[in-house]
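Okay, thanks for coming, everyone. Let me put the model up and walk you through a pocket and a sheet.

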Amino acid sequence: MRVFLFSITVMIVLASCSSSLIKEDTGSSLLYEKYLKYLSEKDSANAEITKNEIITKFPSSKETFDFASSEFYELLYPVWTNDSVKVIIIKDLFKKYPQSNWRRTMYQYLLSSLSALKKINEIDSTLDEFIAAFPQDYLPCTTSARYHYIDCRDTSKAFDCALKGYEYSGNYPKADHFPDMEWELEKRSSKITSGCYLAEIMIDKKEYTKAVDVLYNIIDENMLGVDDETTLCKPYYLLGKAYDKLGDRDKSLTYLSKGMIAGDSRSVWQLCDSLYLKTAGLINKKEVLSEIRKKTGFDEVIYNDVTDEFGLKDVSAGRIAWGDYDSDGYQDMLLDGRRLYKNLSGKAFYDITALAFPDTNSASGGLWGDFDNDGDLDMITKDPETVRLNNGGVFKKVSEVGMIKDNGVSTEGIGIADLNRDGFLDVYFANYENNYVNEKDQLFFGKGNGKFSDVTESNGILPEDGKNRAGRGVNPGDYDNDGDMDIYVSNYRLTENFLFKNDGTGYFKNHAIQSGTAGVETEGWWGHTIGSEWGDIDNDGDLDLITANLAHPRYIDFSNKTMLYENSGAPDFKFTDIRRNTGIRYEETHSEPAFGDLDNDGFLDLYINDVYEGRRSFLYMNNGNKTFRDVTYLSGTRHFNGWGVAYADIDNDGDLDMLVAGGKIQLFRNDTPKIGNWLEVKITGKDHCDAIGTRLRLFNNNISLIREIQGGKGTTNQHSLVQHFGLGKEFNNFTLEITFSSGEKRTVKVAEINRVITVKE
């Protein structure tokens, strides 16, 4: 899995191309204009001379601050894991930028590296420097408390620093030039951060009652909201620890429960788990979860991790595709496009990779689709790009004239659909980058028998400005309800996303700006979108959209957060971001979303993965009123460092099970006790088996639900092609309207529910 860091190029350009940086001083402004002029003329020598003149003459200016920020990350990224080199670089930067407020950030990184190198004496002196450089600021004091306590083992000094940090956290001066949104993000969490260090030291000093008072205070006064990734997990954990020391077992378990439910972006909740085990006298974490469910009365959506039980222990993957390759009625599992696991009647999975792929298969992702219209599922893979036709469960590469060939670039997303409505599946490749140079996307129209024609240059998918974007994911979907498949493309590297509107013939025009789905532009920058997905979250008959964005706090002022777009419907089909009002939290490393009705109440729920070590996933249940509630821990679906996620009913019992990837996979079986009514629909095309692109509408007098058979989602992941409808308490008089990808329509009366039905075109 790649590490998603901003490119050096982006950082240099960011620091040097926005005239909005010129705010402070007339002299620095004039020099900065001169600097920009040299850059535009590609006169790097004079640009560097002018830059150094600004730094020397105006060491506290906004321009110098931005130069320091840019140079800091430019120099550190290549040596990110080498603490010895990082220390040398940061010390040199201190000399170059002796008055810039960017030193506030530099001190934090320097101390982290010194700690890793165990240079205790130097840590001590650096902490004193940090406090002297930023007096009345909570951060140097709180940081000092942390290092004095953990590294220097000086509890007395740590306590004094922690107390000062806690006192300052309520009202400390803003350091000039720090971006406003980033500063407010830190400010809202400052009392929690500082108070937890203080309480932790108090507990170590056996001052348990004082620690409890501090913790109650920071919980009562917290200002956290949906735009904060900090949680109350650590205060809850410390309360549990303090009450455990005070001998109050019930209160200890209560707050440890709250900590686990809240979760933490660095997985601190696992400390809650371990302490709960000890305090409650339990044996394993499953017992902990079961007990907390009972104590909280949670009986909503319940999942059990059956990974080991189903023969998938220690299996790692990044991308997932569900499909019934052998037509036995059970969903099989394709991992990373190169490993195939057969579903053994919903009771286990068996690795048949060696049998399925007689030749070398080194792909990093793949999707199911019937590319030769012979009635069984074939597959398409990426890196290398190949089509493999299914011949009795053996998948062989198409190697004839007209085949799709390896494009030699990093392809992140694949989307498949019959875009020109000729009866053959077409393919869109979202191509990424090579050494921060963006690659061109590709579009191929299917001709049958696994053959394709390249229509990239002729069918409207290339950017009008001639500049490639760093493609991440592809989501075909009929967003405007006109009967043809449009294409949403997720783009990375602070560029806008694409929404290609289909004119009905497979020719496209980008409507992202007009529709409101490009993202939000801030001084030429957009977002880092990874995975996206269509789904009707409000049951109003049109597709809404979620785009999962990676958004580092240090760039939050111009980098898009995750967005949940509500579709206005006819006649305009405009989209509005409603995430903040729905209860879906900002998280720095959102990667891949997935819509599905997990409790069968008739509304689509949402799972979101987060990439990076220790980063937790989220399960949000739809409340039916355009708001969501977080039930991740209680549902039993927490995953760390996630990438792909997709749903399938693996045991045909009428509820959606979940496979989550990213490192070791986890298979979560849906064992919800109070599940609603349901219907699952398998659609078979006229000349092919997958019916990708078919729109289904299931309704009675009380509810109306739509589903669309997806040819891929997010960054090359795929739900089961069998469509699942949760019906809640509804049970009769249903009508199923089907619009096939060919345009043919069918109406079916559904006499019975709680079963799987098959409809042929």
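**The second largest pocket**

So, α15 gives the most to the lining of the second largest pocket, 5 residues. Quick housekeeping: this is a predicted model, where local features need pLDDT of at least 70, side-chain atom pairs count only at pLDDT 80 or more, and totals for chains, interfaces and linings use all residues. Numbering runs from 1 along each chain as its sequence is written, and side-chain values use heavy atoms, with hydrogens and water left out.

By pocket I mean, on a 1 Å grid over the protein atoms alone, an open set of points where a 1.4 Å probe fits, with protein on both sides within 12 Å along at least five of seven lines; lining residues have an atom within 4 Å of a point. Helices (H or I, at least four residues) and strands (E, at least two) are DSSP runs, numbered from the N terminus.

The volume is about 880 Å³, meaning the space filled by probe spheres set on the points, which are joined across faces, edges and corners. Of the 31 lining residues, Asp-305, Gly-636, Arg-638, Gln-666 and Phe-668 lie nearest the centre. Besides α15 (285-296), α14 (269-280), β1 (303-305) and β30 (666-670) each supply at least two lining residues.

**The sheet**

Over to an open sheet: 4 strands, ordered β33-β32-β35-β36, with antiparallel pairing. Its edge strands, β33 (704-708) and β36 (745-750), each pair on one side only; pairing takes at least two DSSP bridges. β32 (residues 695-699) and β33 pair over 5 bridges, and Arg-697 sits opposite Ile-706 in β33.
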